[in-house]
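The following exercises concern one protein model. Please study the sequence and the structure before working through each solution.

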Amino acid sequence: MPFGFIKILIVLIFFSIIPFKSEGQFHDWCIADEQTPDDELVQALKWACENGANCTKIQENQPCYLPNTVKEHASYAFNSYYQNMKQKGANCYFNSAALLTARDPSHDVCKFEVIP
């Protein structure tokens, strides 16, 4: 057998053994950066809610209202905006007030959406 053919077979065998990432295997969520001051989070939260985030779940008597903190509400709004708009090129920046995480920030009855 020619040496080039053996190299190709080895490469094919190698790649057939390694599992490929399946669609949706890895998720990310956009959350408020803990180091961002509340007044900056409030501005970014308001912007997110006015520009594509679904902020109904952080209203009083809704599943994500508690804990009633600026950071928690901003995290929910940032993630909602990011998940809804990332297919249109949106990012998780919010003037440096947010960051991406691989850890699901959902808690109790408050479920943070993730869209592959």
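A residue is called buried when its relative accessible area is under 20%, exposed when it is over 50%, and partly exposed in between. The model used here is predicted.

**Exercise 1.** Determine whether Trp47 is buried, partly exposed or exposed.

*Solution.* Step 1: locate the residue; Trp47 belongs to helix α2. Step 2: take its relative accessible area, which is 40%. Step 3: apply the cut-offs of 20% and 50%. Because its value is 40%, Trp47 is partly exposed. Step 4: identify its contacts; apart from neighbours within four places in sequence, Trp47 touches Tyr81 and Phe94.

**Exercise 2.** Describe the span of helix α3 and how far this helix is covered.

*Solution.* Step 1: helix α3 comprises residues 70-85, 16 residues in number. Step 2: the distance from its first C-alpha to its last is 22 Å, close to the expected 22 Å. Step 3: twelve of the 16 residues of α3 are buried, and the helix is thus mostly covered. Among them are His73, Phe78 and Tyr81. Step 4: the elements covering these buried residues include β1, α2 and β2.

**Exercise 3.** Which element gives the most residues to the largest nonpolar core?

*Solution.* Step 1: this core holds 25 residues, and Phe78 and Tyr81 are among those with the most contacts inside it. Step 2: β1, α2 and α3 each supply at least two residues of the core. Step 3: α3 contributes the most, with seven residues.

Terms used: Residues are numbered from 1 along each chain as its sequence is written. This is a predicted model: local features need pLDDT of at least 70, side-chain atom pairs count only at pLDDT 80 or more; totals for chains, interfaces and linings use all residues. Side-chain values use heavy atoms; hydrogens and water are left out. Helices (H or I, at least four residues) and strands (E, at least two) are DSSP runs, numbered from the N terminus. The expected span of a helix is 1.5 Å times one less than its number of residues. Buried means under 20% relative accessible area, exposed over 50%, partly exposed in between (1.4 Å probe, protein chains only). Contact means heavy atoms within 4.5 Å. A nonpolar core is a set of buried Ala, Val, Leu, Ile, Met, Phe, Trp, Tyr and Cys residues joined through side-chain atoms within 4.5 Å.
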